[in-house]
Amino acid sequence: MGAWDLLLAGLVLLLGLCGVLVPGVPGSWLVWAAVLWWALKDPQPVAWWVLVGATVVLFLSQVVRWALPPRKLRAGGADARVLAYAGCGSFAGFFLLPVIGAVPGFLAGVYVHERRRLGRRAEAVAAVRTVMRSGGWSLLTELFTCQLIAAAWLGAVFWG
C-alpha cells in the first residue's frame, strides 16, 4: 500500500473520529470503512486481524449504546462547544494517559467548558452530570471505541 493510500485512509479515519462528535454524521461507520478499505488494499494478516477486531469492538459498542439512554444532548443543554471541549479532552487524555485517559479526559473537557460558562464549581459539576445523563455516556462509548480502533490501526501501520 502506498503512502497516499495510507494518508487517505488516515484522513477518513480522522474524519470519522471527528464525525462521532457531530450529530448526524456516522463517525463510527467512517472509522470502520477506513479500516476495511485499508485491509482490502493491503491484504496482510495483521490488516485482517485489525478489521476483525474493529468489527467486534464496534458491535460490542453498539450493544452497550443500545442499553444506554438515547442521545438527547441538546435537551440536556449541550451545544457544539461542549462536544468540542469533550472531544479535545478525550483525545488529550487518550494520549497523556494511554487508552484509559480518554474517559477522564472527556469528563474534564465537559467540566472545563461548564466551569468557564457557569463560573462556579458546584454548578459545573451539576451541569456535567446533566450532560452525561442526557447522552454523554453514549457519545463517550462511541468515541472511545473509535479511538481504540484508530490506535490499533496506527499500531498495525507502524509496527505491523
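In the predicted model, the axes of helices α2 and α3 approach each other to within 9 Å and cross at roughly 165 degrees. Because this angle is over 145 degrees, α2 is roughly antiparallel to α3. The handedness of the α2 and α3 crossing is left-handed. On the α2 side, the contact is formed by S28, W32, V35, L36, W38, A39 and L40, which meet A47, W48, V50, L51, A54, T55, L58 and Q62 of α3. Classified by residue type, the contact of α2 with α3 comprises 12 nonpolar and 3 polar residues, with no charged residues.

The largest nonpolar core consists of 32 residues. Within this core, L13, V35, W38, F106 and V110 have the most contacts. Two or more core residues are contributed by each of α1 (3-20), α2 (27-41), α3 (45-67), α4 (80-96), α5 (102-118) and α6 (121-159). Helix α6 supplies the largest share of the core, 11 residues. In soluble globular proteins, nonpolar side chains tend to be buried together.

V35 takes part both in the contact of α2 with α3 and in the nonpolar core. When residues up to four places away in sequence are not counted, V35 touches L13, V50, L51, A54, I149 and W153. Of these partners, V50, L51 and A54 belong to the α3 side of the helix contact.

A further feature concerns P104, which is located in helix α5. P104 has a relative accessibility of 42% and therefore counts as partly exposed. The C-alpha atoms of P104 and S90 are separated by 7.3 Å, the two residues being 14 residues apart along the chain.

Terms used:
Residues are numbered from 1 along each chain as its sequence is written. This is a predicted model: local features need pLDDT of at least 70, side-chain atom pairs count only at pLDDT 80 or more; totals for chains, interfaces and linings use all residues. Side-chain values use heavy atoms; hydrogens and water are left out. A nonpolar core is a set of buried Ala, Val, Leu, Ile, Met, Phe, Trp, Tyr and Cys residues joined through side-chain atoms within 4.5 Å. Buried means under 20% relative accessible area, exposed over 50%, partly exposed in between (1.4 Å probe, protein chains only). Helices (H or I, at least four residues) and strands (E, at least two) are DSSP runs, numbered from the N terminus. Contact means heavy atoms within 4.5 Å. Axes are lines fitted to C-alpha atoms, for helices over the stretch in contact, and angles run from 0 to 180 degrees between N-to-C directions. Angles under 35 degrees count as roughly parallel, over 145 as roughly antiparallel, 65 to 115 as roughly perpendicular and the rest as oblique. A crossing is left-handed if the near helix is turned anticlockwise from the far one by less than a right angle, and right-handed if clockwise. Ala, Val, Leu, Ile, Met, Phe, Trp, Tyr, Cys and Pro count as nonpolar, Asp, Glu, Lys and Arg as charged, and the others, Gly among them, as polar.
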